[in-house]
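This briefing is for a reader who has not seen the structure before.

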Amino acid sequence: MKVAITSTGNSLESKIDKRFGRCSFFVIYDTETKSVEFIPNPNKDAEEGAGPASVQLVATRKADKIVSGEFGLKIKPLLDSLKIQMIVLKEPERTVSDIIDYLNH
Amino acid sequence: MFIIFVVNKCLIKMSPRIKRNRKVLNLPLIKGFKPYGPESGSDKKEPVILLYEEYEALRLCDYDMCNHLEASAIMNISRPTYTRIYAAVRQKIAKAFVEGRQIVIEGGKVYFDSDWYHCESCGCYANNPDKEKSLGNCPLCGSLNIHEYDYDNENNLTDAEESCDNVCICPECGYEQEHLRARPCNSDICPECNTPMVRKNNNK
């Protein structure tokens, strides 16, 4: 199963991004192979439609869960119809490696 | 002038109760249906508009085989309202079939939702996209310390805490009495020193 995590930088020590659509990097973590992939977000500076475009990017990577600080209004119905689980973490101090540790429990 | 005022007052009083938001769990895959055959495009007929709540009512009752009571609880409306919506959708679909009209699925007073959960051990909020089974453990840390998150209840709690006390107080001598609803505090006069009362701890 793959999990997408929004990140502010391209290292495991960078903190998670509070925004989903305009985050700096997506981290795609595979829980089975334990592989980590960093994808720079092309919609970072988009004026509008960043959310749906990011959903498309994550959906093409076949992620089942998304960990982020917040999700926008347009994204929720999209993710509901794609059956992707949203996980909202309201603690911006957490790093990407923290999340990966959590996922391995 | 007075008559206009009275008529306006009556209109305000007589306005219908606001519709509840209907909860829709699954969006339709398609935006509508088109008839086919030689007669289908002969004259431009108005399409039948099916609201999202009506689609959801039909799905719950005829596809998921819920009874009306279960379906109304899922959509967060009363059972009679559900039955009315369900009657409307059957009427509309029958009309479309008989008259050969298009069906367009759009609009309605709805909100799209999935159940939200809150995990105590890692502090995350997660939704449950799979309606068939309930979330047993936290999707992030796997702990069993997870419970359903009720957005309305949490908000009401903070509202009640922020609002002022239900007590009137005299600003001069500190005499207190219970506040009567719908009666302004300053219309009460303190029996001790004859000053108008104010609300205690008014944070508004």
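**Overview**

Chain B has 5 helices and 11 strands. The model is a predicted one. Of the 204 residues in chain B, 30% count as buried. Among contacts in chain B with a separation of 6 or more, 60% are between residues 24 or more positions apart.

**An open sheet in chain B**

- Three strands of chain B make up an open sheet with mixed pairing, and their order is E2-E4-E3.
- Strand E2 (32–33) and strand E3 (48–50) of chain B are the edge strands, each pairing on one side only.
- E3(B) runs parallel to strand E4 (residues 103–105) of chain B, and 3 bridges join the two.
- Within this chain B sheet, B:Leu50 has B:Ile105 in E4(B) as its bridge partner.
- Helix H4 (residues 79–99) of chain B packs on the sheet and touches both E3 and E4 of chain B.
- The direction of helix H4 of chain B makes about 150° with the direction of E3(B).

- Strand E4 (residues 65–68) of chain A is covered on both faces.
- On one side of E4(A) are A:Lys65 and A:Val67, on the other A:Ile66 and A:Ser68, and all of these are buried.
- E4(A) pairs with E1(A) in the parallel sense over 3 bridges.
- E4(A) also pairs with strand E5 (residues 85–89) of chain A, in the parallel sense and over 4 bridges.
- A:Lys65 takes part in both pairings: A:Lys65 is the bridge partner of A:Val3, and A:Lys65 stands opposite A:Gln85 in E5(A).

- A:Ser7 is found in strand E1 (residues 2–7) of chain A.
- The relative accessible area of A:Ser7 is 0%, so this residue counts as buried, the cut-off being under 20%.
- A polar atom of the A:Ser7 side chain lies 2.6 Å from the backbone oxygen of A:Gly9.
- Leaving aside neighbours within four places in sequence, A:Ser7 is in contact with several residues, including A:Ser14, A:Ile16, A:Cys23, A:Phe25 and A:Val96.
- A:Val96 is 89 residues from A:Ser7 in sequence, and the two are 6.9 Å apart in space, C-alpha to C-alpha.

**Aromatic rings**

- A pair of aromatic rings is described by two values, the distance of the centres and the angle of the planes.
- Over all chains, the structure holds 3 aromatic pairs.
- A:Phe20 and A:Phe26 form an edge-to-face pair, at 5.7 Å centre to centre and with 65° between the planes.
- Both A:Phe20 and A:Phe26 are buried.
- Ring pairs link A:Phe20 and A:Phe26 with A:Phe71 into a cluster.
- In chain B, the ring centres of B:Tyr82 and B:Tyr86 are 6.2 Å apart, and the pair is stacked because the planes are at 10°, where stacked requires under 30 degrees.
- B:Tyr82 and B:Tyr86 are separated by about one helical turn, because they are 4 residues apart in helix H4 of chain B.
- B:Tyr82 has a relative accessible area of 0% and is therefore buried.
- B:Tyr86 also counts as buried, because its relative accessibility is 8%.
- A lysine of chain A lies over a ring of chain B: A:Lys90 is over the face of B:Tyr125, at 4.9 Å from the ring centre.

**B:Asn67 in a loop**

- B:Asn67 lies in the loop between helix H2 (52–63) and helix H3 (68–75) of chain B.
- The relative accessibility of B:Asn67 is 41%, so B:Asn67 counts as partly exposed.
- The side chain of B:Asn67 reaches the backbone nitrogen of B:Glu70 at 2.9 Å.
- B:Asn67 is 12 residues from B:Arg79 in sequence, and the C-alpha to C-alpha distance between them is 9.9 Å.

Notes:
Residues are numbered from 1 along each chain as its sequence is written. Chains are lettered from A and ligands numbered from 1 in the order in which they are written. This is a predicted model: local features need pLDDT of at least 70, side-chain atom pairs count only at pLDDT 80 or more; totals for chains, interfaces and linings use all residues. Side-chain values use heavy atoms; hydrogens and water are left out. Two strands pair if DSSP finds at least two bridges between them. Contact means heavy atoms within 4.5 Å. Axes are lines fitted to C-alpha atoms, for helices over the stretch in contact, and angles run from 0 to 180 degrees between N-to-C directions. Buried means under 20% relative accessible area, exposed over 50%, partly exposed in between (1.4 Å probe, protein chains only). A polar contact is a pair of N or O atoms within 3.5 Å; within protein, one must be able to donate a hydrogen and the other to accept it, and residues adjacent in sequence count only if both atoms are side-chain atoms. Rings of Phe, Tyr and Trp (its six-membered ring) pair if their centres lie within 6.5 Å; planes under 30 degrees apart count as stacked, over 60 as edge-to-face and the rest as tilted. A charge sits over a ring if NZ of Lys or CZ of Arg is within 6 Å of the ring centre and within 35 degrees of the ring normal.
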